[in-house]
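Hello,

Here is the structure I promised to pass on. Please look it over first; my notes follow below.

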Amino acid sequence: MQKRKEVVHTVNLHEIDVINSRQQGFLALFAGANNAANAAAPIVGLNLITANDAALISGFFMAFGALIFGGRIIENIATNITSLSVIRAISVNFTGGAFLAIASLYGIPISMAEIITSGIIGFSCSTSGFRETFKKKSVFQIVSFWVLAPIACIVIAFLITNILIEVSK
């Protein structure tokens, strides 16, 4: 009988950085596809611009917006919900990227922000509990906006549409 030799591989910080940056790139690739589509769909639906041109314009402005306004949001998600570890960062990026990839391949619009932030809120719930997590001001604000924003958008779109229909009669 042959003896098995155990091999132990210690992961160094550089390898962790490489894994994490690949996960982040994977996530960003499908986030760009899905979020550009969400932003551009109304003007493409009106045949004002082609889908490829809309994707290019949306991508440019998404990158521009990330550079100008993204820092504050990144800081809020990265520090105000829970402490993050390398494993947590890799797992949330991979899981979020996988959901975005599947949704993008099927043409389903989903919110990357909600997927990633929900994962981070889940980490906080697992370590601090649901009650302590939802006592945090940032978590309360985030979840409140997630509930109120879609309802407000539906009501406002409905009202604007009805007003414009009445005015055009």
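First, a term: on a 1 Å grid over the protein atoms alone, a pocket is an open set of points where a 1.4 Å probe fits, with protein on both sides within 12 Å along at least five of seven lines; its lining residues have an atom within 4 Å of a point.

Two notes on the source. This is a predicted model, where local features need pLDDT of at least 70 and side-chain atom pairs count only at pLDDT 80 or more, while totals for chains, interfaces and linings use all residues. Residues are numbered from 1 along each chain as its sequence is written, and side-chain values use heavy atoms, leaving out hydrogens and water.

Now the largest pocket. Its lining has 39 residues, and Ile73, Ile74, Ile77, Met112 and Ala113 lie nearest the centre. Two or more lining residues come from each of helix 1 (13–45), helix 2 (51–79), helix 3 (86–105), helix 4 (112–128) and helix 6 (137–167). Helices here are DSSP runs of H or I, at least four residues, numbered from the N terminus. Helix 2 gives the largest share of the lining, 13 residues. The pocket holds about 1,500 Å³ of space, a volume being the space filled by probe spheres set on the grid points, which are joined across faces, edges and corners.

As for the whole protein, it has six helices and zero strands. Of its 169 residues, 21% are buried (under 20% relative accessible area, 1.4 Å probe, protein chains only).

Best wishes

Terms used
Buried means under 20% relative accessible area, exposed over 50%, partly exposed in between (1.4 Å probe, protein chains only).
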